[in-house]
Amino acid sequence: MAQPWALHPDRALPAEPGQRAIAREVYAATADLPVISMHGHIDVGAIRRNDPFGDPAELFIIPDHYLVRMLVSQGYRNSDLGVRPLEPNAPFEADHRLIWRRFAENWKLFRGTPTRYWIEHELVEIFGVTEEPSAETADAIYDQLTATLAKPQFRIRELFDRFNIEVLSTTDAPDADLADHRALAAEGWGDRVIPTFRPDALFYPHRSGWRGAIAALSARSSVDVTDYRSFLEAVQERRFAFVAAGGLATDHGHRTANTTPLDAADAERIFQQALTRPVDAATGEAFAGNMLFESARMSTEDGLVMQLHPGVGRDHADAVFQAYGPDNGFDIPEAVEFTRSLAPLLNAFGLDPRFRLILFTIDETVYSRELAPIAGVYPSVKLGAPWWFLDSADGMARFRELTTETAGFYNTSGFVDDTRAFASIPARHDLARRVDAGYLAKLVAEHRLTIDEATETAVDLAYNLPKASYARRPQQ
Amino acid sequence: MAQPWALHPDRALPAEPGQRAIAREVYAATADLPVISMHGHIDVGAIRRNDPFGDPAELFIIPDHYLVRMLVSQGYRNSDLGVRPLEPNAPFEADHRLIWRRFAENWKLFRGTPTRYWIEHELVEIFGVTEEPSAETADAIYDQLTATLAKPQFRIRELFDRFNIEVLSTTDAPDADLADHRALAAEGWGDRVIPTFRPDALFYPHRSGWRGAIAALSARSSVDVTDYRSFLEAVQERRFAFVAAGGLATDHGHRTANTTPLDAADAERIFQQALTRPVDAATGEAFAGNMLFESARMSTEDGLVMQLHPGVGRDHADAVFQAYGPDNGFDIPEAVEFTRSLAPLLNAFGLDPRFRLILFTIDETVYSRELAPIAGVYPSVKLGAPWWFLDSADGMARFRELTTETAGFYNTSGFVDDTRAFASIPARHDLARRVDAGYLAKLVAEHRLTIDEATETAVDLAYNLPKASYARRPQQ
Amino acid sequence: MAQPWALHPDRALPAEPGQRAIAREVYAATADLPVISMHGHIDVGAIRRNDPFGDPAELFIIPDHYLVRMLVSQGYRNSDLGVRPLEPNAPFEADHRLIWRRFAENWKLFRGTPTRYWIEHELVEIFGVTEEPSAETADAIYDQLTATLAKPQFRIRELFDRFNIEVLSTTDAPDADLADHRALAAEGWGDRVIPTFRPDALFYPHRSGWRGAIAALSARSSVDVTDYRSFLEAVQERRFAFVAAGGLATDHGHRTANTTPLDAADAERIFQQALTRPVDAATGEAFAGNMLFESARMSTEDGLVMQLHPGVGRDHADAVFQAYGPDNGFDIPEAVEFTRSLAPLLNAFGLDPRFRLILFTIDETVYSRELAPIAGVYPSVKLGAPWWFLDSADGMARFRELTTETAGFYNTSGFVDDTRAFASIPARHDLARRVDAGYLAKLVAEHRLTIDEATETAVDLAYNLPKASYARRPQQ
């Protein structure tokens, strides 16, 4: 029998001994820093209720679209992995032990992926698993995890402390009542769990669900939303409600980075049309671009930091979308353009000291060509961390390599995770700290930076920059 | 005098000693595996007849567009290097010793290129040359090679054994009679040399030669091709003939990845027009996109694996095309788009367990943005190996770095060469095995993978994956 | 107190000891070679007059758009850094010591950037500064620099010798009188300082200033420029004047790489319209594309090497452009296309032995996809060095990695700086030599090249190739 499964203390640090020694020293300065998690998708209700995590399939597999998509790529259907179809009577695998076995048997598919790195970290470091997943070990690990997850110290708020999370931002609909956030605040958790305003559903009038989102906005706000003007008022009111509940940022997932404003009359006409009859995609996209512009304007007033991540072709497989709904692994990136698309917004607000914009991409070709030059000159702009498919060891290394020489370190936001899986938060932050340590170690080893500079920079990237990038504006 | 020219056993492995030691161990597990060569351009007739290779210029220079293009880039004309103009009376260099000298004198142009790596491997390892090409050594090497090439053990089928080629796929026109493949099968070589169905000439009705290709299809098949419907029937019949002759795949070199189907009536109208009068480029491209969709449909029926490689601007220099015809070094890549282009095809067939699609690109920007996400979720899709300009040490390393974290290793096809030069096959497969060993060694050295996992993965990439990716479907 | 600030002799060489040892040897062969500086922006008048450099803010900060943009990205206005607004009465910081302090206090922003590398080199190596810039050291360094800059051996022509500059090319307007160049020639400096013909202002008829540029051209030439034909004559006459003054090249900064020629009648119509009334942007861009074609044609006649660098979105922030004019840090790259855009030009002149074209980009995605394949076959084309944002340690390394395997070393121009800051010339060339040595050392360490080949190649890249790429044609 092999020795017990364990995490190597030098994992994901550079292989070359000289750089590794430097990287170890740099990493050590950040390893125990608190976690600033400003862009997550954890359910605030689960935190307030301090829900247990359920069984291993419920924790690790069914809700993790990274993991499900990899198994789907080798022939499983989503439903084989416990993903519930929308159609009430459609079959899906309900045997969670069997689902876990399917994952364990296919462990090799994840070689070289961040999923492998994260889950290895979670199983070993958090849950004390000592054997690698495989057909042979699947049942024993399942039983061990089940027993562990039943313990009180493995509930979400206990892990919150263990993970050293200083602040975690959730992502919330514009009509969220924010009651859970208020309840948490009443318990003294108001600075630890804060909401983020995510209004995408309101901004795409050609998509199904838009009228419902408008109705919900109208119901939640004090404004009767009947036209474009009242719509803007209601959006602004909800933003202020998020500010009051501790919110620091908005989040915008758009098809493109278009930010061209519309004449108020045109926006009104589109709005009215969408209330009663279909709007074509081009018109809807134009309205969405206009709303990015308006969102930036509102940010100059209420101080919410604007986060933008364009370029994802959502729900590429119609059949999967019809069967299971969105977010089931079939989102595929597209080429994205920032330089011209952001020009209207940046010309209006880019030099305004009240405005802050954090840009994310999953199209790496814009790192050195567009994003680093934009963030390297506009005072309002910072580059967000590598995101989604790029939140990985090699992906993060490329981000630094392709942006630092033009934008430096101090026009980036520092590490921002994008987590749906709560238990993966420490692994993700730890990996980012290791990769940044490795990049900085290379600069030190090549005599382009001193070790003291590298260490200070690493601490900034892990802690100070994410805090400062989302901090409330002083005079607000 | 320097010591004799030799291949270093550690060539193309990582320079850092720790990674090199690991890479050596990983590479050793693959070095002697049989060669699976599923995407080549070797003439099947030459194999059947067991042709000799001719003189050194005929073997190494005149038919090698990589090599010719590099010498052209420094001022030689194609005809200076023995490439025969189409015009019967046009002059071209017929002195093959002189052509060889031109190459040898310019050996330094190839520094850092895969051509250098391959030819060095061939000269040293296969032909026993002990001096580097130069003005001084050109004649002696020419004489030695000439003598060696005359020996019976240097004929193609003897080298087939020496190269340890388990299976080699040729590329064949849709009207190929497949007689050579049948003759080889009769000699017991039926599993070693198989055809690939390459119907591009039939799919672009605006290109010169289309009517001739249709006529040849009609003549070869039992179908009288007079309209779109009979055209599809004839194509399907020919595909079945390829299946019967051992074929496992089709191959499609398109300008774009467009796969939008046409109404049958529209396709019929274009087809009829093209039979009698010119079709414009946009119409022709639309027809080609439709035919990719139809080819995918046929693949679900006959089981042929579909290979697609879009994005090459062919014959960029009109004068060279006029003088020498296609494939003379002036093909230049263009930006290519997969996410939207493949949506029609993947929505129709992407989740069908009978369908298999292998995607190739020479636009690296789509590796992490589009190809890895597509292959990382669609069960029908695998990523082909880095191809053409990217079939190189650094190019292959970038492929792994940019695709593995999203698609893993097991959504790639393993190594697939694209060889016109038979003698370069061992060098190409050897280089791929070394580069993959180096990438895997990095993961091991960074404690992201164990050495056992790395070794198993290397064997899969070199042998098991290419075999499985093109294997005949079980229930077919 | 720490030990004095110093440059490490191995800076920017590979960290791994084996590669570093090789890189040291390769670099040593190039470290003392003369500087060939073929693409600079130094004011020829300053050279002729042998101007002093002014104070530290005037030398290092105010005119350096790299440095200013980084400070602007963190909240300074251009005017805070001494950049003078166009509006005569607008305020700007006139206290140069204070400007220097602002820079010194923000030294950390430059970590990992080429600005940091260059300025560190300049301060230590050229000016003998022994402390790193900081709030504490700012004043002392300012005083030391002020004293040093006052010494006669720190004037530009003395530094010209100290920097070992063999030839420096300036960039000059088409109506430049070239008097300073002639005066320098009369002093025996005719081979050391030569002009470059930069006609962009004449080629974009929709831009403000075009009529003025045409008038200036008409005034400077012997031709009365009243129509398109006389315009071409005047351009050609001025090009010959540049040839007579020692010029070797033209330089073209275009929005795109479009080179489609216009009918003479269409060009004439646009020209006439632009003389009297506005021309829209599309028409203006078409004229500019035509003028690239015409410039290539002229190059075949007068032998000037054509340099083209498309893809910069100029003056992204309107407010900064209105306040300060062009070139103030807000130029942002855009995606660029070469394959189709250059087809008209390359089909007309690409195989002409009299024509030479050097291509630059700041969109790295075209390196392996388009530029290396184009330069790797067209005899007239060479790839220029990584430029602007990419003239950096990692940027130059990526250039070699992404172009060498397809284009080799000998289809590149060797190192070409693009310097506005005279004192940074040695640092830039030194960094390029180190990075190329590192890339070559990797090839040697991986047994893909011998040390002798690497050393010869390094010397070619640093000296012989830039000389040859711009050399006057023999029979001219």
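1. How many residue pairs are in polar contact between chain C and chain A? In this predicted model, the count is 30 residue pairs, both residues at pLDDT 80 or more, where a polar contact is a pair of N or O atoms within 3.5 Å, one able to donate a hydrogen and the other to accept it, and residues adjacent in sequence count only if both atoms are side-chain atoms.

2. The elements of chain C that give two or more residues to the side touching chain A include helix 1 (17–28), helix 6 (114–126) and helix 18 (393–407), and helix 18 of chain C gives the most, with four residues; helices here are DSSP runs (H or I, at least four residues) numbered from the N terminus.

3. Nine salt bridges cross the interface of chain C and chain A, each being a side-chain nitrogen of Lys or Arg within 4 Å of a carboxyl oxygen of Asp or Glu. One of them joins Arg398(C) to Glu401(A), with the closest N and O atoms 3.0 Å apart.

4. Chain C and chain A bury about 3700 Å² between them, 52% of it on carbon and sulfur atoms; buried area is the accessible area (1.4 Å probe) lost on putting the two parts together, summed over both. Arg111(C), His316(C) and Asp394(C) supply 20% of the area that chain C buries against chain A, more than any other three residues.

5. On conventions, residues are numbered from 1 along each chain as its sequence is written, and chains are lettered from A in the order in which they are written. Local features need pLDDT of at least 70, side-chain atom pairs count only at pLDDT 80 or more, totals for interfaces use all residues, and side-chain values use heavy atoms, without hydrogens and water.
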